[in-house]
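Please look through the structure below with its charged side chains in mind.

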Amino acid sequence: IAESPVQKDLIWAGSDDGLVHVTEDGGKTWRNVTAAVPGLPEWGTVDMIEPSRFDAGTAYLVVDAHRLDDNTPYLWKTTDLGRTWKRLDAGLPRDVYLHAVREDPARAGMLYLGTERGVAFSRDDGATWHSLKLNLPTVAVHDLVVKGDELVVGTHGRSLWIFDDLGVVREPLPDAAKAAGFHLFAVPEAVRWELRGGPADSWTGQNPPRGARVYYWLEKEPKDDIKLEVLDASGALVSTLSSKVKEPTGAYEYVKDETEQLKGLALPKGEGVQRALWDLTWEGAEMIPNARLDSGYPGAGPAALPGNYTVRLTVDGKTATAPLVLRPDPRVTLPQADLEAQLRFTLQVRDAVTRLTRDVVRLRAVRRQLAQRNELLAKDGRAKPLADASQALIAKLDDLEARMHNPKAEVSYDVLAMRGGSKLYSRLSPLMAWASGGNGAPTQGMREVFAAQLAELEGYEKELDALLEKDLAALNQTAGQAGVPGIYVPAK
């Protein structure tokens, strides 16, 4: 039984023995329209009648005859309240019978079918059909419902499934996409949900992946890496995703786990429709390679604020853009000013971590050159004074690095276990994590701690500059007089 959503008292009824009736007066009188349905199998089961949401006279009819050893799909459409019917199943496999049909309430002519072997869809009112299998098992689908931008699928014995973003299915590829070789679909709205882990439960299903889901189509796999950038309303770069897998930082001894996680974050670049996931965070800090941390992970940036954004996809030098709206969690009532203060502060801590990282990378580059040159000069007695002076500078650089982070730590527990405890890097990292966790402006304590850490960082930077501008400069002058190549200092 199905009631018309657009006309009062218009009701359809289908029976287990293949009869179709319709009433236009709320059941006072019924009209048998079975004989008008061409090719209707006798004694077939009327599994579903779907009245249209756009036109009162239109309805779709599914009949199942597999219990009569007939696996043929049966699907019809009427536009005149059942007086005449048209078959819509010509493009379907002839040995897969049907269970359900649903019309998309947001797009006329968009149909979804529940079949004995999965889901099919049509954008042209049944003229052509396409499979919507993806990761859905080959299973009987007995009912479907469109809820907003989602398709909810009820299977027979293989659980409940949800297809998250129907916009990709509803929107056909424009002609310009094939000329460009790629296409960026309209981006569904995202919500800045506050999610917390719950108890493990075997009956718990899967939530959609957290973040903004961005879909794109590639005619073929591009030669170069593809890039997806997120820009805020002012045009500032918030985050960059790439198909190039990032190198593991080595912040923890679980390098294999970090490597696998980074692989999962890389953009897919295979042929067809692909999905990227922006985790709704700003770009994280640059991290010291293979420097162990016992708390925090500054490579993960702070949460983006609710508002308007732009995503920009770059494929083989060509770009496409689309707007993205990030909505707030409706349960969060914190003033916007507090969220903005939280973001500003966390970005300041992030930038301090990046500064420290670049200082250490610069220091290491100089130290590495000094050690390599000493190795080459080891057998040249005339160069001993230069080698001794270089070794003295290496010792100063090592001492400075040991105060900036914990370079001798091999596992996370070493950071606190070593003499002197955690250094600046391992104190900035948890501060960034605490500042970005939850919702709220930074506390006075956080501000004071960060001010002290920033002063400590500036002290190390002055010390490093002095070593490079005085000690190394003098060493390079001595090397030049001896005809030995000098040490290159990377720019800040």
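**Salt bridges and exposure**

At 57% relative accessibility, R331 counts as exposed; exposed means over 50% relative accessible area, buried under 20%, and partly exposed in between (1.4 Å probe, protein chains only). R331 forms a salt bridge with D329, and their closest N and O atoms are 2.6 Å apart. Here a salt bridge is a side-chain nitrogen of Lys or Arg within 4 Å of a carboxyl oxygen of Asp or Glu.

The model is predicted: local features need pLDDT of at least 70, side-chain atom pairs count only at pLDDT 80 or more, and totals for chains, interfaces and linings use all residues. Residues are numbered from 1 along each chain as its sequence is written, and side-chain values use heavy atoms, with hydrogens and water left out.

A second pair is K227 and E229, joined by a salt bridge with the closest N and O atoms 3.8 Å apart. K227 is partly exposed, at 33% relative accessibility, while E229 is buried at 9%.

The side chains of R427 and E456 also meet in a salt bridge, 2.9 Å from N to O. R427 lies in helix α7 (residues 424-436) and E456 in helix α8 (residues 444-481), so this pair ties together parts that are 29 residues apart in sequence. Helices are DSSP runs (H or I, at least four residues), numbered from the N terminus. R427 is partly exposed, with a relative accessible area of 29%, and E456 is partly exposed at 21%.

Salt bridges also link E50, R53, R102 and D143 in a network. A search of the whole structure finds 31 salt bridges.

Terms used. Helices (H or I, at least four residues) and strands (E, at least two) are DSSP runs, numbered from the N terminus.
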